[in-house]
Amino acid sequence: MDRIAFFKDLAIIIVSAKLFGLIAQKLKAPQVVGEIIAGLIIGPSCLGLMGGSDYAGTDYLSLLSEIGVVMLMFSAGLETNMKDLLRTGWKALIIALVGVFVPLAGGTLLYSCFYGFGAVGSEEFFRAVFIGTIMTATSVGITVQTLKELGHIKESIGTLILSSAIIDDVIGIIVLTFVIGFKNPDSKPSDVLISTGLFILFAFGIGFAMYYIFKLIDKRYEHHQRIPILSLAMCMFMAFSAEEFFGIADITGAYVAGLILCSLKDSDYIARKVDINSYMIFGPVFFASIGLKTELSGFNKELVLFSVGFVLVALLTKVIGCGLTAKLMKYNLRDSLKVGVGMMTRGEVALIVAQKGLSVGMLDSKYFACVILLIIVSSVATPIILKFLYKSDENNNSELRMHN
């Protein structure tokens, strides 16, 4: 593809994403819903202006999308309240563990009910387990953007969701490696556990060093533009290091970079500067690209039925697993639902898992459309439901104040 022609496509994406984002906002829905729908409309499922498996600009779009989600996670880390994170750390770990196990079991059972229960160790057994593995991944990007728009990202529930989702992704990657390892003797699942431990040590070591370096810079050059520039460079370095050296998702590295700097005096200033680029180009491209990748042609009755079950099981197992666990931790019903709903989005990690399954022969290409459909439905439904839950809270608080 002519790289100059991609600028035209980029202009279409930005304008359509912002236009539908504003329409969504007028309809009292989060902007991300409109941006995803914009991708669907200009994509192969509707107008066919771009997108699809044969779209020549896929590499460019994927790169911009990846930068978008990395910056979004960096912003989320910057806006995290470290005290709340430490307070909810063990709770987030338990929620993430249950939030991985329940979808894994649910997805395995769903595939087995449709295509038969294969013997342990058989090809069909591994295919069933891999369907469950796809369901384990949580995409926190949509939830982060929604919580930011609603103004609740710094609250304890927002921090709990973010913490759980980050841990969820790490556990999901470990599960993926184990599943592939059982099928492929050349893969060593133990290496992932070692890499994860090394990344944690690396993050702690570089975190302490970089925090004090940035604290000195911040003290000397308060509100100076070099601070967000250096911060962004650190974000990209941590994203690169996480994936390149430790096999951890780059978004985890970006989030850790934000956590390292979230206690700085100028953390809000850094977040505002980073959000400018994210809001103008990288964010819209990331959310619109979800719709652009969707092709709904070629569905037969059996696949449509399986897809409906796949989406329902994937959403409900996250809500039930994470929400019920939060309820058992003494959170009220509405806050527990927020946790469950906030964890049900799927995005880039689910796509990465699915693509890995295709490459190693554990997933048939026809099921890839099911994954895309799950991403679309969860990405649209999550912001709407979260907005409703928070709006109900505000209405209840208003009524309570009136009675008092």
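Reader: Rings of Phe, Tyr and Trp (its six-membered ring) pair if their centres lie within 6.5 Å; planes under 30 degrees apart count as stacked, over 60 as edge-to-face and the rest as tilted. Which residues do ring pairs link into a cluster?

Author: Tyr-111, Phe-114, Tyr-115, Phe-306, Phe-310 and Tyr-367 are linked into a cluster by ring pairs. Ground rules: this is a predicted model, where local features need pLDDT of at least 70 and side-chain atom pairs count only at pLDDT 80 or more, while totals for chains, interfaces and linings use all residues. Residues are numbered from 1 along each chain as its sequence is written, and side-chain values use heavy atoms, with hydrogens and water left out.

Reader: How many aromatic pairs does the structure hold?

Author: The structure holds 17 aromatic pairs. One of them is Tyr-111 with Phe-306, edge-to-face, 6.4 Å centre to centre and 90° between the planes. That pair links distant parts of the chain: Tyr-111 sits in helix α4 (residues 82–115), Phe-306 in helix α12, and they are 195 residues apart. Helices here (H or I, at least four residues) and strands (E, at least two) are DSSP runs, numbered from the N terminus.

Reader: Tyr-111 and Phe-306, buried or exposed?

Author: Both Tyr-111 and Phe-306 are buried. Buried means under 20% relative accessible area, exposed over 50%, partly exposed in between (1.4 Å probe, protein chains only).

Reader: Zoom out. How many helices and strands? What share of the residues counts as buried?

Author: The chain has 15 helices and 0 strands. Of its 404 residues, 54% count as buried. Take contacts (heavy atoms within 4.5 Å). Among those with a separation of 6 or more, 80% come from residues 24 or more positions apart.

Reader: Salt bridges next. How many?

Author: There are 5 salt bridges in the structure. The test is a side-chain nitrogen of Lys or Arg within 4 Å of a carboxyl oxygen of Asp or Glu. Lys-18 forms one with Glu-35, the closest N and O atoms being 3.5 Å apart. Lys-18 lies in helix α1 (residues 3–26) and Glu-35 in helix α2 (residues 31–42), so the pair ties together parts 17 residues apart in sequence.

Reader: Are Lys-18 and Glu-35 buried or exposed?

Author: Lys-18 and Glu-35 are both buried. Asp-9 and Lys-8 also meet in a salt bridge, at 3.8 Å, N to O. Asp-9 counts as buried at 6% relative accessibility, whereas Lys-8 is exposed at 53%.

Reader: Where do Glu-124 and Arg-127 lie?

Author: Both lie in helix α5 (residues 123–136), 3 residues apart, about one turn of the helix. Glu-124 counts as partly exposed, at 28% relative accessibility.

Reader: Back to α1. What span does α1 reach?

Author: The 24 residues of α1 reach 35 Å from first C-alpha to last, close to the 34 Å expected at 1.5 Å a residue. Expected span is 1.5 Å times one less than the number of residues. Its buried residues include Phe-6, Leu-10, Ile-13 and Ala-17.

Reader: Surface now. Which residues make the nonpolar patch?

Author: Val-304, Val-308, Leu-312, Leu-316, Ile-320, Leu-324 and Leu-328 make a nonpolar surface patch of about 660 Å². Patch residues have over 30% relative accessible area and no salt bridge; like charges are joined within 9 Å, nonpolar side chains (Val, Leu, Ile, Met, Phe, Trp, Tyr) within 5 Å. Leu-324 lies in helix α12 (residues 301–328), and it is partly exposed, with a relative accessible area of 49%.

Reader: How does residue spacing work on a helix?

Author: An α-helix has 3.6 residues a turn, so residues three or four places apart point the same way.

Conventions
Accessible areas come from the Shrake-Rupley method with a 1.4 Å probe; for residues, only the protein chains shown count as cover.
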